[in-house]
Amino acid sequence: MTSVVTVVGSLAMMIYISPPLTLTMAVTIPLATVYTKHMSGITRPLFSRRSAAYGAMNGYVEEIFSGQKTVLAYAQENTFLDHYEEYNQEATESFYKANYYGMTMGPTVGSINNLGLALIGILGSLLYMGGAVTLEHISSFVLYSRKFSGPINEISNVTTQIFSALSAAERVFHILDETEEIPDKENAAVLTDVRGDVKIQAVSFGYDPQKTIIHHFSLDADAGKLIAIVGPTGAGKTTIINLLMRFYDVDEGQIFVDQNEIRDVTRQSLRRAYAMVLQDTWLFNGTIYENIAYGKEGATREEVIAVAKAAKIHHYIMQLPNGYDTIIGEDGGNISKGQKQLLTIARAMLYDARMLILDEATSNVDTGTERQIQAAMRKLMADKTCFVIAHRLSTIQNADRILVVDQGNIVEQGTHSELIAQKGFYYKLYASQFE
């Protein structure tokens, strides 16, 4: 606002003092405007390129750090250094070009304004000799012309920072403009007192609309039943879990929980009805106690210890210097993968939801520990609707129903003994683990 008032006020005073002298602005202002517009077209893409180059370099560095052990194991340090040098060189060149062209704008616009000052001096001298203006008028006009061009010079001098900020903002808004989850329906119901009756009715789905990977999938899971889902890698087992939790919405068909279509209820209440233990563990920077108690607000120390014992992780925790107050690094980087999985199992036990999802929940633990956990999990799964994805078929022999999935279709279903007797797809999967 100060700059606007200064420019308008200075222009008004210059016209009042001498309209002929004001015509010099008709030369310098268009010249500065054309130059600034031309240089903006050159420098703006350069700053965008600089931001992209910095992002690529930083992303590559983060990737190297997160995969440091793999880099060392394969002795690829020099290869990664060479690749980093390429990213670094690109960032350096982008930085140099963007700043070089950006920093020339201020001095150049200043030179154009100084050219205007020279024109004022020449034209003012001629007008003075002709008696059209006095020295006081020329002196005042020069001062107002400097006031008039001052904000323009300031803008030119900060153009580098402006374009840098705009380029960074583009990257931020690119993320903000990503498609969000479809909002809950107006007046969506809230699931309460969940029993755990789940019905999947003729569901079809594909992550790519042009490629369907789940074809007319149907399932009735009564409350308290254990449903096992097995099949080869890529058959669509985890996709079914994503649909149950409404991480994605189905393309066709419907999914019901306690006779409520899941798109008619709030996502939050739906997801609170499930406890999950996935193959990919997720922990947070904090104490072991905080990680186990993550899903249950106000959980007591005694409750956390009880579930840790059931998950067979209590003994390991007590060997740590600070026990349950031991800080776990980001994503549990300072403990083994098997121990991380046991902590997530303990977390699910504490959450005590009416429905439970286990996606290869014991894939990272040894066989002996797995058997112990299974005993604890049977207590956890009692009277709950459970969906278990397993590759070790020996772990789901007691399931109420086993769904055999292949290429998004249920090819067989039944109990373990029924499927073995059929000597079909499941029989081959089971036999292959013992041959």
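The following legends describe close-up views of a predicted model. Local features are given where pLDDT is at least 70 and side-chain atom pairs at pLDDT 80 or more, whereas totals for chains, interfaces and linings use all residues. Residues are numbered from 1 along each chain as its sequence is written, and side-chain values use heavy atoms, with hydrogens and water left out.

**View 1. The largest cavity and its lining.** A cavity is a set of points on a 1 Å grid over the protein atoms alone where a 1.4 Å probe fits but cannot get out, and lining residues have an atom within 4 Å of a point. Grid points are joined across faces, edges and corners, and a volume is the space filled by probe spheres set on the points. Three cavities of 30 Å³ or more are counted by this rule, and the largest has a volume of about 70 Å³. Its lining consists of Met25, Thr28, Ile29, Asn113, Gly116, Leu117, Ile120, Ser145, Arg146, Phe148 and Ser149. Helix H3 (25–66), helix H5 (77–129) and helix H6 (135–157) are the elements that give two or more residues to this lining. Helices (H or I, at least four residues) and strands (E, at least two) are DSSP runs, numbered from the N terminus. Five of the lining residues are nonpolar, five are polar and one is charged. In this classification Ala, Val, Leu, Ile, Met, Phe, Trp, Tyr, Cys and Pro count as nonpolar, Asp, Glu, Lys and Arg as charged, and the others, Gly among them, as polar.

**View 2. The second largest cavity.** This cavity holds about 40 Å³ of space. The residues that line the second largest cavity are Leu243, Arg246, Tyr248, Asp249, Val250, Ile255, Glu261, Ile262 and Arg263. By class, five of them are nonpolar and four are charged, with no polar residue.

**View 3. Helix H8 and the residue Arg246.** Helix H8 spans residues 237–244 and is mostly covered, with seven of its eight residues buried. The buried residues are Lys237, Thr239, Ile240, Ile241, Asn242, Leu243 and Leu244. Buried means under 20% relative accessible area, exposed over 50%, and partly exposed in between (1.4 Å probe, protein chains only). Arginine 246 follows H8 and has a positive phi, near 60 degrees.

View 4. Arginine 44 pairs with glutamate 170, and their closest N and O atoms are 3.0 Å apart.

View 5. Aspartate 184 forms a salt bridge with arginine 267, with 3.6 Å between the closest N and O atoms. This pair spans 83 residues, from aspartate 184 in the loop between H7 and strand S1 (198–205) to arginine 267 in helix H9 (residues 267–272). Aspartate 184 is partly exposed at 33% relative accessibility, whereas arginine 267 is buried at 9%. Arginine 267 also meets aspartate 249 in a salt bridge (3.7 Å, N to O). Because arginine 267 lies in helix H9 and aspartate 249 in the loop between H8 and strand S4 (252–257), this pair ties together parts 18 residues apart in sequence.

**View 6. A nonpolar surface patch.** The patch is formed by Ile122, Leu126, Tyr128, Met129 and Leu135, which together have about 570 Å² of accessible area. Patches are made of residues with over 30% relative accessible area and no salt bridge; like charges are joined within 9 Å and nonpolar side chains (Val, Leu, Ile, Met, Phe, Trp, Tyr) within 5 Å. Accessible areas come from the Shrake-Rupley method with a 1.4 Å probe, and for residues only the protein chains shown count as cover. H5 contributes the largest share, four residues. Leucine 135 is in helix H6 and is exposed, with a relative accessible area of 53%.

**View 7. Val405 in strand S11.** Valine 405 is in strand S11 (residues 401–406) and is buried, with a relative accessible area of 0%. Its C-alpha atom is separated by 7.0 Å from that of isoleucine 229, 176 residues apart along the chain.

How values were computed
1 Å grid on protein atoms, 1.4 Å probe; cavity = no way out; pocket = protein on both sides within 12 Å on 5 of 7 lines; lining within 4 Å. Salt bridge = Lys/Arg side-chain N within 4 Å of Asp/Glu carboxyl O.
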